Amino acid sequence: MEDVTVISKSIVQPGNISHSGQTKIHLTPSDLSLLYLDYPQRALIFPKPDPETRFISRLKSSLSVALEIYFPLAGRLVKVNNHEDNTVSLYIDCDDGRGVTFVHAIAESVSVSDIIHPHGFVPEYFRLFFPVNGVRSIDGLLEPLLALQVTEIKDGIVFSFGYNHLVADGSSMWKFIHVWSKICMNGEWENHHQPLVLRRWFLDMINFPIHIPVSEIETERVKNREISTKERVFHFTKEKISELKAKANGEIGSSDIKISSLQAVLAHLWRSIVRHSGLNREEESHCGVAADFRQRINPPLDKDCFGNVANLGMATATVGDLVDRGLGWAALQINKTVRSQTNENFRTFAENWVRNGKIPRIDVRSKRGDHVFIVTNSPRFEVYDNDFGLGKPIAVRAGPANGIGGKLVVFRGIEEGSIDVHAILTLSLWSDMLLNLFDDVKSMENVTIT
């Protein structure tokens with residue numbers, strides 16, 4: 001295994017916090033459903049900077065400025081004991097200002113070509129390039145809500161970050177990264193004096209803070225949570241995506257429903273994974289797709305408000321149906337799940353959640369957990385626009401994913417109109433699936449390797 005040596009680990013705090021008076025983010029049922037899932041982690045890979053630029057120092061100083069704007073990331077998760085009814089409540093203290101973790105590391109023997117493999121392989125040691133492996137949302141009671149790691153390699157820089165999903169979703173995090181990169185490159189942000197709009201409490205039929213039964217809260221770290229996984233990055237070209245989309249829409253034959261490019265890509269991967277996984281035909285497989293609710297709820301939220309405003313919908317099908325009924329049918333199941341994410345359904349979900357008070361635990365040690373694929377991130381996020389003065393990123397990658405059978409992290413590709421999917425699968429789902437996929441001519445006509 002390649003060595004990654006930590007040179008320094010520090011806390012970066014915001015210089016001055018200027019907010020509009022809202023200092024707490026109360027957690028919704030959608031937030032609380034993520035309590036036992038790991039911090040999402042992402043990485044940008046850049047060319048090696050000129051040592052004279054003092055890049056690490058610039059990163060840290062610009063981060064402090066960026067946190068003045070995005071001050072909730074420097075806050076903390078707080079637990080309140082409600083003794084009157086033997087429950088607890090959780091909220092994000094945005095006014096804490098305790099700061100975020102910044103790790104500077106070096107891996108002298110690793111090159112960019114070792115990480116960006118021509119056949120899409122992701123080396124096992126790549127997990128060492130991420131700062132918060134195995135840290136769950138609930139661990140934010142003790143851990144910072146954001147951690148960053150900059151690892152210098154032979155001919156490049158791996159810039160990674162992990163964040164608590166309770167404080168932000170992917171949309172909010174990539175906007176923060178973009179603002180930070182602009183500050184690092186230009187020394188300032190043109191909208192610096194425009195206050196951050198925090199997600200307001202929008203569930204008027206539910207009182208906040210939500211009271212959670214004490215029995216549902218597990219704050220002790222779970223030992224030996226790490227699950228063996230294998231990873232590969234699929235690269236879908238613009239042309240192949242168009243073919244998949246046309247095929248899916250042709251199979252469903254509907255003028256009222258249109259399968260999107262992403263739905264066609266996800267359906268293709270979902271079918272391919274279960275076909276080669278060794279699961280029984282009668283077993284159910286679940287594909288979770290998150291929807292941004294900022295403009296779906298009524299009245300809508302500010303489209304750029306900061307926070308976690310994503311809700312997970314789950315498409316379910318038997319392995320037999322996925323294999324036998326074609327790409328269009330599988331894509332339609334994902335399409336139906338996305339379309340079902342309405343204001344009415346979300347509010348019903350929230351009310352039922354509060355009534356039942358149960359926090360889901362999707363874990364690969366359970367039968368259902370090993371059959372779940374979670375789709376995260378989005379090709380809409382402009383990940384390649386974040387250059388920090390280093391030029392365009394060479395590639396974007398995802399960090400480890402413990403506790404879920406499969407994670408499909410979607411990025412826009414480096415070429416216009418393309419999509420990269422970083423697949424992280426447990427060994428029970430792997431079963432040399434990806435090798436079989438590349439040997440399968442029928443599958444290969446729609447997918448290439450990055």
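Predicted model: local features only at pLDDT ≥ 70, side-chain atom pairs only at ≥ 80, totals over all residues.

Biologist: What percentage of the residues of the chain count as buried?

Modeller: Buried means under 20% relative accessible area, exposed over 50%, and partly exposed in between, with a 1.4 Å probe and protein chains only. The chain has 450 residues, and the share that counts as buried is 56%.

Biologist: Among contacts between residues at least 6 apart in sequence, what share joins residues at least 24 apart?

Modeller: Contact here means heavy atoms within 4.5 Å. Among the contacts between residues at least 6 apart, the share that joins residues at least 24 apart is 80%.

Biologist: Let's turn to the rings. Is the pair of Phe159 and Phe388 stacked, edge-to-face or tilted?

Modeller: Rings of Phe, Tyr and Trp (its six-membered ring) pair if their centres lie within 6.5 Å; planes under 30 degrees apart count as stacked, over 60 as edge-to-face and the rest as tilted. The structure holds 17 aromatic pairs. For Phe159 and Phe388 the centres are 5.0 Å apart and the planes are at 50 degrees, so the pair is tilted.

Biologist: How many residues apart in sequence are the parts that Phe159 and Phe388 tie together?

Modeller: Phe159 and Phe388 are both buried. Phe159 lies in strand 8 (residues 156–163), whereas Phe388 is in the loop between strand 13 (372–376) and strand 14 (395–398), so the parts tied together are apart in sequence by 229 residues.

Biologist: Phe161 is in strand 8 too. Is Phe161 buried or exposed?

Modeller: Ring pairs link Phe161 into a cluster whose members include Phe159, Trp174 and Phe388. Leaving aside neighbours within four places in sequence, Phe161 is in contact with residues including Pro40, Leu146, Met173 and Trp174. Its relative accessible area is 1%, so Phe161 is buried.

Biologist: The charged end of which residue sits over the ring of Phe121?

Modeller: A charge sits over a ring if NZ of Lys or CZ of Arg is within 6 Å of the ring centre and within 35 degrees of the ring normal. One example is Lys24, which lies over the face of Tyr91 at 4.5 Å from the ring centre. For Phe121, the charged end lies 4.0 Å from the ring centre and belongs to Arg232.

Biologist: Which residue is the bridge partner of Lys79 in strand 5?

Modeller: Two strands pair if DSSP finds at least two bridges between them. Strand 4 (residues 76–82) and strand 5 (residues 87–93) run antiparallel and are joined by seven bridges. They form a hairpin with four residues between them, and Asn86 in the turn has a positive phi of about 55 degrees. In strand 5, the partner of Lys79 is Leu90.

Biologist: Now for the charges. Which residue forms a salt bridge with Glu216?

Modeller: A salt bridge is a side-chain nitrogen of Lys or Arg within 4 Å of a carboxyl oxygen of Asp or Glu, and the count comes to twelve. For Glu216 the closest N and O atoms are 3.7 Å apart, and the partner is Lys358.

Biologist: And is Lys358 buried or exposed?

Modeller: Glu216 has 7% relative accessibility, so it counts as buried. Lys358 has a relative accessible area of 54%, so Lys358 is exposed.

Biologist: In which helix do Glu251 and Lys247 lie?

Modeller: Glu251 and Lys247 form a salt bridge, with the closest N and O atoms 3.1 Å apart. Each is partly exposed, as Glu251 has a relative accessible area of 39% and Lys247 is at 39% relative accessibility. They are four residues apart, about one turn of the helix, and both lie in helix 5 (residues 238–252).

Key. Residues numbered from 1 in each chain as written. Heavy atoms only, no water. Helix = DSSP H or I, 4+ residues; strand = E, 2+ residues; numbered from the N terminus.
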